[in-house]
Amino acid sequence: MNTDDYDVIVIGGGPGGSTAATFVAKAGYRVLLLEKEYFPRYQIGESLLPATIQGICSLLGVKEEIESAGFTPKRGGTFVWGKNREPWSFRFEKATNGVIPKAGALQVERSRFDDILLKNSRKNGVEVKEGVLVKEIIEENSRYAGVKYKDNSGETITATSRYIVDASGAKTNFHRCVGERVYSKFFNNVAIFGYFKGGKRLPAPHEGDTFSAAFEQGWIWHIPLTEELTSIGVVVDKETAKQIDDIDCAYEGFINACPAIKELLEPAQRMTDETYGKLRVLKDFSYNNTRFFHKDMILIGDAACFIDPVFSSGVHLSTYAGLLAARSINTALKGTIDKERCFIEFELRYRKEFGNFYNFLMAFYDVGQGQEDYFWAARKILNTEEKSNEAFARLITGFSTEGIGKAASTEEYFTLREGFGAVFKEHIINEAKSGISAQTPNQKTVHSTGIDMDQFMKGFTQEIVDLQLQAKLQQLGLSSDLLPASSAAITVSGDFLHWENRGVTNKSKDKKNGRELA
Ligand code: FAD
């Protein structure tokens with residue numbers, strides 16, 4: 001008999017934690033979620049992708065609530081990037097190849113967004129405790145069996161479970177129970193961010209876009225959070241950041257050095273309230289853990305990995321990992337697929353998505369600015385120090401798809417990518433005025449090493465589109481059997497909450513057609 005208090009304990013109530021908890025509770029299991037803060041609480045990561053809103057939020061059952069919460073609609077991104085100083089934009093609608101007609105995303109105040117997701121966990125039966133700090137992971141009989149946490153009265157409580165999900169974000173050390181955190185040298189950046197009121201917006205229809213503008217020392221994001229409130233973040237190199245004496249002065253100086261952003265902020269003033277009034281600084285945010293699961297403990301979201309804020313991938317990766325982790329846990333608890341196999345499936349899919357973003361973002365940085373600017377020169381694939389960062393690159397090379405991840409060594413991995421930025425620019429950026437395209441253009445663009453840009457982009461957008469399709473099918477009460485055929489041995493179950501062996505899916509498909517397989 002199972003004597004554990006819970007089937008799953010989730011550490012952290014951010015989007016990753018609440019997503020995993022809700023999907024496990026939806027499958028009927030007992031979940032305890034422990035969050036050290038009282039929500040709503042501040043968090044960075046305000047620009048979201050359609051996969052989160054149209055996909056995950058829909059599967060969670062909160063899409064309507066999120067869409068009616070008054071967040072700013074985001075239909076794409078606008079960039080001043082590369083040598084050409086002309087702004088260019090892409091639209092999400094185009095990126096889904098017309099499969100999902102209204103593929104919009106949102107710009108959100110994370111305090112409110114995360115609160116909605118956490119309340120939804122409660123509604124779905126998760127036991128949520130706020131204001132409780134997890135202090136320790138308990139190891140018993142060669143597995144992680146539970147946690148010790150400090151409750152609101154200061155008392156230390158022990159809770160045990162079959163599985164532990166660490167969704168505690170970037171700043172805790174629980175990930176060490178599972179593996180080692182390896183940092184990227186390519187994305188070795190520092191972010192300084194604050195808030196303004198009363199700034200201008202890009203002209204329609206781009207007023208809700210994230211606007212990212214490169215300048216000599218890095219790039220700046222401009223996120224229109226509400227009609228009044230704008231999030232402004234400066235991303236610079238670690239070496240540049242080391243030379244800063246006065247952070248407020250430096251922040252102002254960077255904005256002044258970037259005419260496109262400066263112009264939008266001319267009528268604006270810095271916020272002065274407690275939440276948005278202070279400047280915040282973050283560094284060392286691009287990393288990857290050597291393992292994502294070990295001894296019944298699973299890492300998701302920032303606890304596992306993060307790359308770089310330029311393409312708003314953080315919340316997508318954490319909620320996507322929450323869904324994958326929940327499917328693996330639910331299937332392991334149900335006992336239909338071997339436990340180890342379930343978690344390998346989780347890690348493979350998660351790393352593949354992380355690898356896709358890594359490849360995409362590296363190519364994106366490669367075309368940043370002129371070679372003469374230090375920040376951009378240091379981020380040319382050709383020059384990258386990541387070549388000597390064996391551990392980090394191996395984590396990508398072992399798992400990434402589309403032919404470019406199969407190099408045997410890190411040196412080869414980066415050699416393969418030389419000149420990749422230029423091809424990427426030709427294919428993607430030059431096309432982007434009409435939208436990042438997942439369609440096959442008339443003329444095929446192939447990198448000299450044989451990397452086909454269409455395949456590369458399809459790989460990059462596949463999961464983003466697929467998540468939205470899954471949500472659409474679930475909404476219409478249709479089965480996952482209607483998802484495009486996949487070569488994966490393990491596929492998504494009919495209730496979208498488990499994994500199934502491929503044979504099982506085929507059987508149910510054929511049953512539907514009245515043709516029972518042997
Ligand atoms: P978190 O959101 O960090 O949640 C973790 C939770 O765990 C917190 O609520 C915390 O209080 C709780 N916790 C921590 N320790 C404990 C403990 N011991 N016990 C109990 N609870 C605990 N992503 C985007 O999608 N879009 C963006 O525009 C974007 N911009 C970014 C800009 C910068 C500069 C950076 C660094 C990141 C950005 N991100 C962005 C990434 C995004 O912030 C994260 O990827 C995302 O918040 C991860 O969600 P999570 O649930 O994994 O962790």
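Author: Start with the aromatic rings. This is a predicted model, and it holds 37 aromatic pairs.

Reader: How is a pair of rings described?

Author: By two things: the distance of the centres and the angle of the planes.

Reader: OK, what do F79 and W81 form?

Author: F79 and W81 form an edge-to-face pair, with 6.0 Å centre to centre and 85 degrees between the planes. The pair counts as edge-to-face because its planes are over 60 degrees apart.

Reader: Is F79 buried or exposed?

Author: F79 counts as buried because its relative accessibility is 3%, and the cut-off for buried is under 20%.

Reader: And W81, buried or exposed?

Author: W81 has 2% relative accessibility, so W81 counts as buried.

Reader: What about F90 and F92, what kind of pair is that?

Author: F90 and F92 are edge-to-face as well, at 5.6 Å centre to centre and 70 degrees between the planes. Both F90 and F92 are buried.

Reader: New topic. Which ring does the charged end of R351 sit over?

Author: The ring of F292, with 3.9 Å from the charged end of R351 to the ring centre. There is also R379, whose charged end sits over the ring of F375, 4.5 Å from its centre.

Reader: Now the ligand. How many residues are around it, and which come nearest?

Author: There are 38 residues around the ligand, and E35, Q43, I44, S47 and D302 come nearest.

Reader: How do those residues divide into nonpolar, polar and charged?

Author: The shell around the ligand has 17 nonpolar, 14 polar and seven charged residues.

Reader: Which helices and strands supply at least two residues of the shell?

Author: The helices are α1 (15-26) and α9 (314-334), and the strands are β2 (31-35) and β8 (133-140).

Reader: Which one gives the most?

Author: α9, with three residues.

Reader: What about N or O atoms? Where is R110 in this?

Author: The side chain of R110 has an N or O atom 3.0 Å from an oxygen atom of the ligand.

Reader: And which ligand atoms do V134 and V315 lie by?

Author: For V134, a backbone N or O atom lies 3.0 Å from a nitrogen atom of the ligand. For V315, a backbone N or O atom lies 2.8 Å from an oxygen atom of the ligand.

Reader: Last one. How much of the ligand does the protein bury?

Author: The ligand exposes 1000 Å² when taken alone, and the protein buries 95% of that.

Key:
Residues are numbered from 1 along each chain as its sequence is written. This is a predicted model: local features need pLDDT of at least 70, side-chain atom pairs count only at pLDDT 80 or more; totals for chains, interfaces and linings use all residues. Side-chain values use heavy atoms; hydrogens and water are left out. Rings of Phe, Tyr and Trp (its six-membered ring) pair if their centres lie within 6.5 Å; planes under 30 degrees apart count as stacked, over 60 as edge-to-face and the rest as tilted. Buried means under 20% relative accessible area, exposed over 50%, partly exposed in between (1.4 Å probe, protein chains only). A charge sits over a ring if NZ of Lys or CZ of Arg is within 6 Å of the ring centre and within 35 degrees of the ring normal. A residue is near a molecule or strand if one of its heavy atoms lies within 4 Å of it. A polar contact is a pair of N or O atoms within 3.5 Å; within protein, one must be able to donate a hydrogen and the other to accept it, and residues adjacent in sequence count only if both atoms are side-chain atoms. Accessible areas come from the Shrake-Rupley method with a 1.4 Å probe; for residues, only the protein chains shown count as cover. Helices (H or I, at least four residues) and strands (E, at least two) are DSSP runs, numbered from the N terminus. Ala, Val, Leu, Ile, Met, Phe, Trp, Tyr, Cys and Pro count as nonpolar, Asp, Glu, Lys and Arg as charged, and the others, Gly among them, as polar.
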